[in-house]
Amino acid sequence: MQDVIIREEERGDRVEILRLLAGSTLPISDLAEAPNLGDDTEPAFVLAVRGNTVAGCAALENAGDARLLRSVAVSEDERGRGIGERLVRERIASAEAGNVQTIYLLTETVPVWFERFGFQTIPRAEAPPGVRESTEFRSLCGEGATLMVRRGP
Ligand SMILES: CC(C)(COP(=O)(O)OP(=O)(O)OC[C@H]1O[C@@H](n2cnc3c(N)ncnc32)[C@H](O)[C@@H]1OP(=O)(O)O)[C@@H](O)C(=O)NCCC(=O)NCCS
């Protein structure tokens, strides 16, 4: 079996990303099929790729001075192998490399899993304006979604 490589999204990857997210019942309606890669209004995706197959993905979206971690998914047949962890740690490192320490996320499924990366649950009322304005917060993640924040290493 070939090793998994973590790399940034390239042109032509988005169809596979959308397929993976939809298969994981995560929101896709605000994700363009042909994104303007490198545009800072677009979520910045990294992929886990095994051979020619996309095994996982994770994205960082700008949210004011902070970032929103979203669209973290691993295909069912690749789960439990540390791929999700590699993707999340890479996105955290990327935010920190850009001098951003504060990362938010919304999850309806795995708040306990995200605690291992230093995220803590906070009331939705504490979401800063940049997060409130995000499509995820306003419409895609239901009222029941847990808001979490990681404020630094
Ligand atoms: C959450 C997800 C990304 C994890 O990916 P993964 O590659 O399987 O994760 P890893 O292999 O790095 O971690 C697996 C670990 O998480 C644990 N885990 C799995 N589901 C969990 C849950 N619901 N709550 C807490 N821990 C969980 C596993 O027991 C395993 O623990 P271990 O490391 O002690 O053995 C994957 O299950 C997934 O795509 N889920 C559907 C989409 C989703 O809910 N995404 C998150 C919302 S944005």
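The sheet of this predicted model is open and consists of 7 strands in the order β1-β2-β3-β4-β5-β7-β6, with mixed pairing. Two strands count as paired if DSSP finds at least two bridges between them. Since β1 (4-8) and β6 (120-122) stand at the edges with a single partner strand each, one side of each is left without a neighbour in the sheet. From one strand to the next, the twist averages 30°. Strand β2 (residues 44-50) pairs with strand β3 (residues 53-63) in the antiparallel sense, over 7 bridges. R50 has T53, in β3, as its bridge partner.

Helix α1 (residues 14-23) lies across β2, β3 and β4 (66-74), and runs at about 90° to β3. Helix α2 (residues 83-97) also packs on the sheet, where it touches β1, β2, β3, β4 and β5 (103-107); the direction of α2 makes about 30° with that of β3. Axes are lines fitted to C-alpha atoms, for helices over the stretch in contact, and angles run from 0 to 180 degrees between N-to-C directions. Contact requires that the C-beta atoms of two residues, placed from the backbone, lie within 7 Å.

In total, the protein has 5 helices and 7 strands, which follow the pattern β-α-β-β-β-α-β-α-β-α-α-β along the sequence. These elements are DSSP runs numbered from the N terminus (helices: H or I, at least four residues; strands: E, at least two).

The ligand is surrounded by 17 residues, of which V74, R79, G84, E85 and T109 are the closest; the criterion is a C-beta atom, placed from the backbone, within 6 Å of the molecule. β4, α2 and α3 (111-115) are the elements that give two or more residues to this shell. By class, the shell has 8 nonpolar, 6 polar and 3 charged residues. Ala, Val, Leu, Ile, Met, Phe, Trp, Tyr, Cys and Pro count as nonpolar, Asp, Glu, Lys and Arg as charged, and the others, including Gly, as polar.

Of contacts between residues at least 6 apart in sequence, 67% join residues at least 24 apart.

Residues are numbered from 1 along each chain as its sequence is written. In this predicted model, local features need pLDDT of at least 70 and side-chain atom pairs count only at pLDDT 80 or more, whereas totals for chains, interfaces and linings use all residues.
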